[in-house]
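Please keep the sequence and the structure in view while reading.

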Amino acid sequence: MNPTTEDPASSGWHLDKRVPIALIVTLLLQAAVGLIWASKLDARVASLELAQATSGDQPMRIVRVETQMEGVRGTLKEMNDKLDRLLGYPAPAR
């Protein structure tokens, strides 16, 4: 056959009648579910990014609180030692 008399149905893509309608419906449903899943995933990622952005200085605050707690422990130890000396308790072995 020459290119001018070629069958138009044989050139390019076409849907064969042997493809069951159930397969087409299944593929469309899978595509729809995939799009829904991707949009929900995008929303979850966006909410996690927002939460990360709002808790930006939290690690530094934790370090400050830990440092303050060390100071409080030292002060309590000093107060405990002074009370032991005032009450006449023997100094604890270290």
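Aspartate 57, in this predicted model, is partly exposed, with a relative accessible area of 41%. Its salt-bridge partner is arginine 61, and the closest N and O atoms of the two are 3.7 Å apart. Arginine 61 is likewise partly exposed, at a relative accessible area of 46%.

A search of the whole structure finds two salt bridges, and the other pair joins the side chains of lysine 77 and aspartate 81, with 3.2 Å from N to O. Side chains of opposite charge can pair when their charged atoms come close. Both lysine 77 and aspartate 81 belong to helix 2 (residues 58-87), where they sit four residues apart, about one turn of the helix. An α-helix has 3.6 residues a turn, so residues three or four places apart point the same way. Lysine 77 counts as partly exposed, its relative accessibility being 37%.

The two pairs are set out below.

| Arginine 61 | Aspartate 57 | 3.7 Å |

As for the fold, the protein has two helices and zero strands. Helix 2 contains 30 residues and reaches 43 Å from its first C-alpha to its last, which is close to the 44 Å expected at 1.5 Å a residue. Just after helix 2 comes glycine 88, which takes a positive phi of about 85°.

How much of the protein is made up of buried residues? Of the 94 residues, 2% are buried, and the protein exposes about 9000 Å², of which carbon and sulfur atoms supply 65%. On that surface, Trp13, Leu15, Val19, Leu23 and Leu27 make a nonpolar patch of about 550 Å². One of these residues, leucine 15, has its place in the segment before helix 1 (21-54).

How values were computed
Residues numbered from 1 in each chain as written. Predicted model: local features only at pLDDT ≥ 70, side-chain atom pairs only at ≥ 80, totals over all residues. Heavy atoms only, no water. Buried < 20%, exposed > 50% of the residue type's maximum accessible area, 1.4 Å probe, protein only. Areas by Shrake-Rupley, 256 points an atom, 1.4 Å probe, with all protein chains shown as cover. Salt bridge = Lys/Arg side-chain N within 4 Å of Asp/Glu carboxyl O. Expected span 1.5 Å × (residues − 1). Patch = residues over 30% accessible without salt bridge, like charges linked within 9 Å, V, L, I, M, F, W, Y side chains within 5 Å.
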